[in-house]
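Subject: Structure handover

Hello,

Here is the structure we talked about handing over. Please look through it first; my notes on what was found follow below.

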Amino acid sequence: MPRRKVLDFTSASGACGDFTVLLDSIAEQFEPGDIVEIRIPEEFAWEVREAVETLSDTYELVKESKSDGVVVFELKRK
């Protein structure tokens with residue numbers, strides 16, 4: 001069964017850091033098929049999108065949804 005890690009940044013009030021570094025670090029511990037879910041305020045969602053684009057050889061964006069100003073990304077480790 002795939003592992004799932006949830007990162008909740010919904011209470012962030014400023015920049016959340018370098019998601020490329022964070023996701024790359026998680027990828028080292030994960031197997032293909034494992035899922036990372038990121039919850040983040042809409043105004044910072046671009047940071048996650050950029051990281052996913054940079055790490056497109058490592059992660060697949062499975063789902064992106066928005067509700068009440070929070071964007072949820074579901075990424076699958078390739």
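**Helix α2 and its surroundings**

The buried residues of α2 pack against α1, β2 (35-41), β3 (59-67) and β4 (70-77). Please keep in mind that this is a predicted model. In helix α2, which covers residues 45-54, the buried residues are A45, E47, V48, A51 and V52. Looking down the axis of α2, these buried residues fall within an arc of 155 degrees, so they line one face of the helix. On the face turned away from that buried side, α2 carries the exposed residues E53 and T54.

**The sheet**

Four strands form an open sheet in the order β1-β2-β4-β3, and the pairing is mixed. The edges are taken by β1 and β3, each with a single partner strand, so one side of each has no neighbour in the sheet. From one strand to the next, the twist averages 15 degrees.

The pairing of β2 is described for two partners. With β1 the strand runs parallel, and five bridges join the two; K5, for instance, has V36 in β2 as its bridge partner. With β4 the pairing is antiparallel and extends over seven bridges. There, R39 has V72 in β4 as its bridge partner. Strand β2 is also mostly covered, with six of its seven residues buried.

**How the helices sit on the sheet**

Which strands does α1 touch as it packs on the sheet? Helix α1 touches β1, β2, β3 and β4, and its direction makes about 160 degrees with that of β2. Helix α2 packs on the sheet as well, touching β2, β3 and β4. The direction of α2 makes about 15 degrees with that of β4.

**The core**

The largest nonpolar core has 19 residues. Those with the most contacts inside this core are L23, V36, I38, I40, Y59 and F73. At least two residues of the core come from each of α1, β2, α2 and β4.

Leaving aside neighbours within four places in sequence, V36 is in contact with K5, L7, L23, I26, F30, Y59, F73, E74 and L75.

**The aromatic pair**

The structure holds one aromatic pair. It is made by F9 and F19, whose ring centres are 5.2 Å apart and whose planes stand at 80 degrees; an angle over 60 counts as edge-to-face, so the pair is edge-to-face. F9 lies in the loop between β1 (4-8) and α1 (19-29), whereas F19 is in helix α1, so the pair ties together parts that are ten residues apart in sequence.

Is F19 buried or exposed? F19 has a relative accessible area of 2% and is buried.

**L22**

One more residue of helix α1 is worth a note: L22. With a relative accessible area of 30%, L22 is partly exposed. Not counting residues up to four places away in sequence, L22 touches L7 and F9. L22 and A51 are 29 residues apart in sequence, and their C-alpha atoms are 9.2 Å apart in space.

Regards

Definitions and conventions
Residues numbered from 1 in each chain as written. Predicted model: local features only at pLDDT ≥ 70, side-chain atom pairs only at ≥ 80, totals over all residues. Heavy atoms only, no water. Phe/Tyr/Trp six-rings, centres within 6.5 Å; stacked < 30°, edge-to-face > 60°. Buried < 20%, exposed > 50% of the residue type's maximum accessible area, 1.4 Å probe, protein only. Arc of directions from axis to C-beta. Contact = heavy atoms within 4.5 Å. Pairing = 2+ DSSP bridges. Axes fitted to C-alpha atoms, helices over the stretch in contact; angles between N-to-C directions. Core = buried A, V, L, I, M, F, W, Y, C linked by side-chain atoms within 4.5 Å.
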